[in-house]
Amino acid sequence: MADLFDDYPAGAAWDEMIGADGGSRAAYKGVHTALSELSAGELRGRAETLARSYLAQGVTFDFAGEERPFPLDVVPRVVAGDEWEQVAPGVAQRVRALEAFLADVYGPQRAIADGVIPRSVVVSSTNFLRAARGITPPNGVRVHVSGIDLIRDSLDGWRVLEDNVRVPSGVSYVLSNRRAMAQTFPELFAALRIRPVADYPRRLLAALTAAAPHGVDEPTVVVLTPGVFNSAYYEHSLLARMMGVELVEGRDLFCASGRVWMRTTQGRRRVDVIYRRVDDDYLDPVVFRSDSFLGSPGLMTCARNGTVTIANAVGNGVADDKLVYTYVPDLIRYYLSEEPILRNVDTWRLEEPEALEEVLDRLDELVVKPVDGSGGKGLVVGPRASQHELAALRVRLREDPRGWIAQPVVQLSTIPTLIGDKLRPRHTDLRPFAVNDGESVFVLPGGLTRVALPEGELVVNSSQGGGSKDTWVLGGAVPRRAVRHGSDLPQSVAQDEAVPIDSNPSDVRAQVMQQQQGRSFPATSSNEPGGGRAC
């Protein structure tokens, strides 16, 4: 204990493990006791074993164009069961409201007519796609998978940071982190009642199957990936393997006779549900970008005709718009007749003149974010910005106030994290994943905890050098089952198993690689595991 926690700084932020008196909080007592029995060398040894395991398995992410093993910290995040019983319903409530909002804005637009949200806010969003108007999903579900980013403020309260209902990424790390941690700390999994996460692929497949077109009893589900050069390809291949479905690229699909087909060695095979991991603009070159190599011509026509389901639905990005985010509490009240369970972070709408002037006066105190930003790109932390940066930002805000929001600097909660041979507080957020099958919204116990590894850093996304922690929700299955759940995941997909793209002329190949990597278009929105943080 003295070795690892010696001189552990209290810090300005609320620490989830260590209380003001230096003792352990109730949810962390088991973890704290286990760490107290380890020397710094022993904990470092377990951390190195974790890193070697991830390197061998190909559990990687893209950092500055380089594939690296995904950093998994050896100290888990722990959430008490009674606390999770507040978080999970709040996430599910949010998803249900966003489902209703998307059905409305691409349909009758009642919320606009009733003055709940201005028409200008919706139609000016870069992710509001008129091509999605009139497309009604077979079971009414547009948000099959969501990742709702949460933070804890200084008062130990959970708040929603942003919504990700386009192509949310990161659940593969949840599954891989759990398997690795169960092997690293088997004694803790035997002693604690940790809710399992291994059921996620079955839940996802059930939701995708339930979304099949009408009249299809045994639907064919596929996972559509941009390709092997995409930073999230590991996740695409892992989920396809765990669900037992085909992993396809756009060139594997074609549309004929009003349906989508998949090329196989036995001939063509009908496709009924596409779990796509490709951005809207690249799904169908007939409707969106004509230079896309990642989708397949005719997909949108088939979706409109009801012969194929695209999950998540095209056009969901309007619900991710950070200006729309500010209206979500009102949308919950409007559609669900309920009070929001989880609060938003306080936010200024810069399109409102008074709010803009206040923000401009306090720019050096606030965090300013582009409404369609991702991966921390474009985010400006006022207290850390230079005078030159703030002056340039003032010009941009006046020129395009609709494109930005501002938020106070929130001190994200901290959790002890292994830095060198010491445990030090590092800021974290949490992305719970939810699956909607049309009957209920399942919230995976825990989710992806992201941690900012540099001291004092508030941007936790992996593209900015952040890492992750396994998230343990207590109060689940009996301990022995927890060990089995942690170790029943299949081996992660290794990089040398990836199927290379076909030979193409060099210029076309270069374009394909650029599109797969996201270099010629914004990365998969804020739905990436490294989505932009509001601090």
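1. Start with helix H10. In H10, the buried residues are Tyr 233, Tyr 234, Glu 235, His 236, Ser 237, Leu 238, Leu 239, Ala 240 and Met 243. That makes nine of eleven, so the helix (residues 233–243) is mostly covered. The model is predicted. After H10 comes Gly 244, with a positive phi near 75°.

2. Overall make-up. The chain has 535 residues, and 60% of them count as buried. It holds 17 helices and 24 strands. Take the contacts with a separation of 6 or more: 73% of them join residues 24 or more positions apart.

3. The nonpolar cores. The largest core has 74 residues. Val 91, Phe 101, Ile 117 and Ile 274 touch the most other members. Helix H4 (residues 81–105) supplies the largest share of this core, eleven residues. A second core is separate and has 62 residues, including Leu 4, Ile 18, Phe 185 and Leu 423. As background, nonpolar side chains in soluble globular proteins tend to be buried together.

4. Beyond its neighbours within four places in sequence, Ile 274 is in contact with Val 222, Leu 224, Leu 253, Val 260, Leu 299, Val 308, Thr 309, Ile 310 and Ala 311. Ile 274 is also one of the core residues that touch the most other members.

5. Strand E9 (residues 259–264) pairs with E10 over five bridges, in the antiparallel sense. Arg 263 has Arg 268 as its bridge partner in E10.

6. Ser 296. This residue sits in the loop between strand E11 (273–276) and helix H11 (299–305). Is Ser 296 buried or exposed? It counts as buried, because its relative accessibility is 1% and the cut-off for buried is under 20%. A polar atom of the Ser 296 side chain lies 3.2 Å from the backbone oxygen of Leu 253. Leaving aside neighbours within four places in sequence, the contacts of Ser 296 are Gly 250, Leu 253, Phe 254, Leu 283, Asp 284 and Pro 285.

7. Cysteines. The structure holds zero disulfides. Cys 255 is in none, and the nearest cysteine sulfur, that of Cys 302, is 4.0 Å away. Cys 255 is partly exposed, with a relative accessible area of 25%, whereas Cys 302 is buried at 3%.

8. Asp 73. Its place is the loop between strand E2 (66–69) and strand E3 (77–79). At 8% relative accessibility, Asp 73 counts as buried. The side chain of Asp 73 reaches the backbone nitrogen of Val 75 at 3.1 Å. Apart from neighbours within four places in sequence, Asp 73 is in contact with Met 181, Pro 416, Thr 417, Leu 418, Ser 468 and Lys 469.

9. Glu 338. This residue lies in the loop between helix H13 (328–336) and strand E13 (343–344). Glu 338 is partly exposed, with a relative accessible area of 29%. Not counting residues up to four places away in sequence, Glu 338 touches Gln 93, Arg 96, Ile 332 and Arg 333. With Arg 96 there is a side-chain polar contact of 3.5 Å. Ala 97 is 241 residues from Glu 338 in sequence, yet the two C-alpha atoms are 9.9 Å apart in space.

Technical notes. Residues numbered from 1 in each chain as written. Predicted model: local features only at pLDDT ≥ 70, side-chain atom pairs only at ≥ 80, totals over all residues. Heavy atoms only, no water. Helix = DSSP H or I, 4+ residues; strand = E, 2+ residues; numbered from the N terminus. Buried < 20%, exposed > 50% of the residue type's maximum accessible area, 1.4 Å probe, protein only. Polar contact = N/O pair within 3.5 Å; in protein donor to acceptor, adjacent residues only side chain to side chain. Contact = heavy atoms within 4.5 Å. Pairing = 2+ DSSP bridges. Disulfide = S-S within 2.5 Å. Core = buried A, V, L, I, M, F, W, Y, C linked by side-chain atoms within 4.5 Å.
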